[in-house]
Amino acid sequence: MKKVQFSEWGIPSPRYWGLLAFLAAVAGIGGLAALYMEHHGHWVTGMSNQVVWGTPHVFAVFLIVAASGALNVASVGSVFGKKLYKPLAPLSGLLAVALLTGGLMVLVLDLGRPDRLIVAMTYYNFKSIFAWNIILYTGFMVIVLFYLYTMKERTMSAYSKPVGVFAFVWRLALTTGTGSIFGFLVAREAYNSALLAPMFIVMSFAFGTAIYILVLIYAFRADNRSLGDVVLFRLKNLLGVFVAGMWYFMLIYHLTNLYITENHDFVAFVLRDGGIYTAAFWLGHTIVGVVMPLGIIYHPVLGQSRGWISGACGMVILGGLATMYLIIIGGQAFPMSLFPGKTIIESGFYDGVNGLPAAYAPSMPEVLLGLGGVAAALLVTMVGIRMLGFLPESLADSVADPHGGETAAAH
Amino acid sequence: MKITEPTDQGRREFIGKAAGAAAVAVAPGVFLHSVAESAPRADPVTSKVRWGMLIDTSKCADGCTACVQACDLENGLDLQQKPEGETESAWDQQRSKWIRKVKVRDNLTGRVTGMPVMCQHCEYPPCVDVCPTGASFRRADGVVMVDRHICIGCRYCMMACPYKARSFIHEVVEVKLTSAPRGKGCVESCNFCVHRLDNGGTTTACQDACAKDGHAAILFGDIRDPNSPVSKALAQYSSTQIRPELKLNTGVRYHDL
Amino acid sequence: MSASATRRLLATLVGVALAASAGVAAADKNWKQNGNSKATGLEQCVRPTGEIRRYHMDLLKHQRDITVHQGVRKTTDALAGCIDCHANKDAQGKPVPVDAAGQFCLSCHAFAAVHLDCFQCHSTVPAGK
């Protein structure tokens with residue numbers, strides 16, 4: 001395999017600055033939305049005392065989970081020694097940092113008291129997985145930045161593998177921590193499961209790889225760089241495996257619940273009675289997020305087309321957001337089972353009277369904040385690939401294929 | 001600086017309220033610093049005392065909300081104001097409630113029970129476990145509460161509470177009581193009227209109101225003291241926790257649930 | 001830099017220094033409001049004046065933890081005590097919010113440009129119990 005050269009993203013200046021301006025505007029609007037929510041208080045959102053985490057958390061958790069998964073491409077190169085992935089590693093690291101930045105921005109700005117961030121960083125309750133996550137998230141940033149340094153600085157390249165292994169293990173801890181935010185909660189039937197941590201890990205692989213592929217295809221096409229089929233199809237197949245794995249965990253999660261009588265109401269809620277949450281499950285997660293992408297990825301004709309592959313990646317992302325909506329908001333909307341064997345017929349605090357789920361509708365400030373986080377992540381990515389030599393000049397088969405183009409020839 | 005904006009509104013609001021408060025409380029010019037501080041605690045609380053409550057659902061009257069109103073009055077929750085431009089239904093889902101009346105019907109027998117539900121003051125509170133800053137904490141004497149100085153408003157405790165006992169303050173708080181500070185962006189819940197307990201009191205507002213109304217369904221006291229009325233009642237009457245399978249060893253128990 | 005520019009710069013710097021020191025001197029004097037609060041008639045606060053001015057935030061922060069976590073209320077350092085003493089009354093005898101413009105807290109905090117967080121939660125007047 002030829003030594004891969006890296007260079008800055010060379011799209012024409014007006015186009016670059018126009019893109020940056022657009023992303024900065026969206027991120028800025030997200031910031032203004034956060035200011036609006038903080039100034040007036042959360043009454044301006046759709047959140048209430050029943051559904052306390054809303055659309056910002058859907059976006060934030062999605063971005064954080066995707067950030068961890070985006071590093072996967074680099075890990076496959078450093079940790080598992082697959083040479084084909086080595087040129088893909090710098091972009092992978094950059095994307096991981098960018099997505100985490102966006103996700104954390106949304107999470108922090110949604111706090112009831114974002115001015116107390118210093119308090120959050122100085123008062124620690126180490127029994128709380130949230131407290132651990134603060135350390136895991138900031139540590140992840142530092143480690144990945146150092147990992148990128150070992151990739152790009154020639155004298156540090158010997159450290160690339162050990163730092164890569166460390167980053168890989170840290171990622172697994174981070175995503176376990178994110179899934180455990182929900183998995184550790186005994187209060188609600190939707191959570192309270194050891195399965196959520198590994199489910200989140202596989203979801204992170206799927207979301208991160210999908211975003212990586214989209215950014216790679218777009219960045220290369222915009223700059224007329226050649227992206228060969230060998231690399232693209234390898235990534236595409238990887239995505240397929242992860243999406244299938246994600247579906248497996250969701251299947252086991254529901255199958256197990258079906259065996260647990262006390263959880264039957266919840267299973268019925270997700271699969272049949274939950275209105276928008278049922279739609280998020282069947283349409284969002286299953287059809288758009290799993291079945292259609294798998295169908296495209298493994299289709300003999302569609303799976304070879306860049307357009308269809310991009311579409312599949314987009315579907316995985318949309319399905320991922322729907323899954324997050326289902327888990328985070330659906331889990332709160334479903335009435336808490338305070339009195340098993342009894343029905344609550346009156347309540348002064350919306351305790352699921354007669355089985356009625358809690359009401360929630362995303363509000364404009366919440367959506368704008370979430371989108372602002374996405375824009376911030378993309379902004380960091382765009383600036384990164386423009387200013388730093390993180391994109392390989394070519395990923396054509398003859399250059400990128402570790403078997404010197406023979407794999408492509410064999411097809 | 002944002003100081004003047006809420007203050008000015010507070011002052012305008014306050015003029016309306018102060019007349020009531022000052023006039024009811026004392027003679028003009030004499031200020032009510034510490035009528036309640038008859039015996040302010042000088043030493044830290046210890047676990048020799050554990051505050052608990054027994055609620056007799058058979059005495060809880062249908063349609064009565066005396067405990068809810070008393071709690072609202074005691075803690076300044078009746079001073080909450082719907083933000084301008086918000087609908088009543090949205091406001092009702094966002095306003096703080098530390099205690100609520102719940103009526104349940106048994107699915108098999110059809111028997112109907114009513115009771116007040118508030119923070120259960122667990123011995124092993126999930127809300128305390130999940131709070132990232134340690135703002136949600138359990139005091140040595142069993143009271144589970146929020147230290148609002150370090151609460152960052154993340155609402156994780158609200159996700160974690162198995163009794164949905166906590167409220168988040170969604171709006172700027174214009175008027176608040178000296179004994180019950182509360183402000184936008186933090187989480188709060190029933191604290192067993194801790195401002196009373198710390199000043200020598202031994203009853204909660206809800207208990208007093210229920211007794212005054214003639215029902216006496218709420219019995220509050222030190223459950224570690226075998227001679228207290230609540231301990232004697234717990235020894236005599238059968239009682240259970242809400243969601244006992246969670247094994248949280250709550251301080252609030254229900255008879256005839 | 002030319003001689004005249006140097007002179008101008010020096011003059012500006014001296015002017016700023018004079019203004020700042022005047023401001024500081026003024027701040028030193030203006031904590032005592034011409035009001036009718038309990039504090040106006042008193043010689044010092046719960047600590048000597050210089051000490052309370054420098055350390056009141058630390059005292060409050062220390063005491064808040066003791067009060068909230070240990071339930072100790074018998075103290076000179078409670079915020080409610082400060083408000084009780086420093087709140088003025090208006091012509092009708094009603095207390096004026098202690099953090100309003102021209103009142104006690106802002107007399108220093110406005111000059112020092114330090115944001116007051118207390119009154120988002122704490123009552124600005126001795127209200128209720």
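Colleague: In which sense do strand β1 (residues 51–56) of chain B and β9(B) pair?
Modeller: This is a predicted model: local features need pLDDT of at least 70, side-chain atom pairs count only at pLDDT 80 or more, and totals for chains, interfaces and linings use all residues. Residues are numbered from 1 along each chain as its sequence is written; chains are lettered from A, and ligands numbered from 1, in the order in which they are written. Strands are DSSP runs (E, at least two residues; helices are H or I, at least four), numbered from the N terminus, and two strands pair if DSSP finds at least two bridges between them. Here there are four bridges, and the sense is parallel.

Colleague: Which residue of β9(B) stands opposite B:Met53?
Modeller: Strand β9 of chain B covers residues 252–255. Opposite B:Met53 stands B:Val252.

Colleague: Are the faces of β9(B) buried or exposed?
Modeller: In a regular strand, side chains alternate between the two faces of the sheet. A residue is buried if 20 or more other C-beta atoms, placed from the backbone, lie within 10 Å of its own, exposed if 12 or fewer, and partly exposed in between. B:Val252 and B:Tyr254 lie on one side, B:Arg253 and B:His255 on the other, and all are buried.

Colleague: Of the two pairs of chains in contact, which shares the most contacts?
Modeller: Contact requires C-beta atoms, placed from the backbone, within 7 Å. No contact joins chain A and chain C, with their closest C-alpha atoms 10 Å apart. The most contacts are shared by chains A and B.

Colleague: Which element gives the most to the side of chain A that touches chain B?
Modeller: The contact takes 38 residues from chain A and 46 residues from chain B. On chain A, α5 (117–122), α6 (129–152) and β2 (342–347) each supply at least two. With six residues, the top contributor is β2(A).

Colleague: What is the bridge partner of A:Ser347 in β2(B)?
Modeller: β2(A) and strand β2 (residues 99–106) of chain B pair in the antiparallel sense over five bridges. In β2(B), the partner of A:Ser347 is B:Val102.

Colleague: On which residue is the kink in helix α2 (residues 49–70) of chain C centred?
Modeller: The bend at a residue is the angle between axes fitted to the seven residues ending there and the seven starting there. The kink is about 65°, centred on C:Tyr55.
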